[in-house]
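Q: Can you walk me through how the two parts of this protein meet? Keep it quick.

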Amino acid sequence: MDKIVIEGGVELSGEVTISGAKNAALPIMAATLLAPGVHYLHHVPRLADIRTFRKVLGLMGVQFEEAGLDGPLVVDTSRLTGWMAPYEVVKTMRAAVLVLGPLVARARQATVSLPGGCAIGARPIDQHLKGLEALGVKITLNQGYVEAKARRLHGAEITLDVPTVTGTENLMMAATLAEGTTIIHNAALEPEVADLARFLTALGAKIEGIGTETITIHGVNALRPTAYHIMSDRIEAGTYLAAAAITGGRVTINNAPVAQMSAVLEKFHEAGVRFSATDHTIRVEPGDALTGVDVKTLPYPGFPTDMQAQFMALMTLAQGASVITETIFENRFMHVPELNRLGADISVSGNHAVVRGRRHLLGAPVMATDLRASASLVIAGLAAKNTTEIHRVYHLDRGYAHLVEKLTALGARIRRVPA
Ligand code: EPZ
């Protein structure tokens, strides 16, 4: 296992380009199962989770080809030889449950491991299963696996108890080939759901209400392969914004989905971060001392839970206090004890974390616990005096393409070494 070593205190400067969105690429890769043939997916990020998902789809007979460094990911779903997502893979990446909807729609069957919990919470999929049963899928839970079987899926009207992102995605994908019309109420509004819906439309699906909480899908008999450009990663963009801000740097963030970042940009503005934003570019400049602001994570368009840890790192050096409330996951404060090891002053009570700004942080060895928590430790390490060592960096590899290279290009003194 590697570790990342950062000599903090460098003001970042220069330009960074945001990669494709992991949470759009994963459901879109799953959706290729719906349309037998060769798909060309552009702007797929080079991430561990993408590599893991390629393994899952590969087990089903899907073939891949990479057309050059910046070329598309070529996905050939002409022949399926299996329809199982095994525990060994799903336990490392719960997003693998996204094969459920497409497999029952195309192959009329699927055997997918229940994801089990993960570091940040129980992560149930009851809404996925409830919706699939409404579409005519017979679901059996057997020794930790979901066994799904269906003759022809039929349309249904489904109201989700929670606006689940992958739940909305699974049901939308399954409904594209169902007989009749499906309406999903209380659908997730995250931009990655809309990106998937646009991809499905490009395959020939008939979808109305994209980007709204009521999505209507008119089933069709078949879908055709396509080429598609995946949206940029708003969480990666927010992460670099926090890194630039905490170091008092002057950084241009290119290829950022600014229109989908309003809640995040508003909070950075309230905290006193100086930046300007156009359609796809955010320019950060050094400013005055930061001010502690309160943040509450909410489903989109609210402040995203996936930016909570990164924003908390920024607040550790703000003037005054900041109350950060996590409403989406039940255990998403594991970065707190690690940030406190760097000299932060954060106390947790239930789903609230109170951050009292300090004048500086001091480098120390810390441990990454989940994907976004590890990003918050990098952000804090960039500002902390002396050396910060971050262990278990495989968490970072799941969601950040070329992180060390991108930060090195911005002047950070950061390297990756065997632990
Ligand atoms: C997606 O996870 C993202 N992952 C997560 O990003 C993100 O944090 C999350 O949405 C919230 O925005 C992908 O898109 C691959 P949910 P997902 O289902 O779909 C409850 C990252 O860092 N729930 O919207 O699993 C659930 O317990 C990852 O990239 C049910 O109760 O999240 C949670 O409290 C982390 N029953 C809430 O809904 C269900 O059937 C939101 O979960 C499904 C979910």
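**Where the domains meet**

A: A salt bridge here is a side-chain nitrogen of Lys or Arg within 4 Å of a carboxyl oxygen of Asp or Glu. The model is predicted: local features need pLDDT of at least 70, side-chain atom pairs count only at pLDDT 80 or more, and totals for chains, interfaces and linings use all residues. Residues are numbered from 1 along each chain as its sequence is written, and side-chain values use heavy atoms, with hydrogens and water left out.

Q: How many salt bridges are there between domain 1 and domain 2?
A: Two.

Q: And what are the domain bounds?
A: Domain 1 is 2-19 + 232-418, and domain 2 is 22-229. The bounds come from an automatic or database domain assignment.

Q: How far apart are their C-alpha centres?
A: They lie 30 Å apart.

Q: What area do the two domains bury between them?
A: About 1,700 Å², with 56% of it on carbon and sulfur atoms. Buried area is the accessible area (1.4 Å probe) that two parts lose on being put together, summed over both.

Q: Which three residues supply more than any other three on the domain 1 side?
A: Y300, F329 and R398. They supply 32% of the area that domain 1 buries against domain 2.
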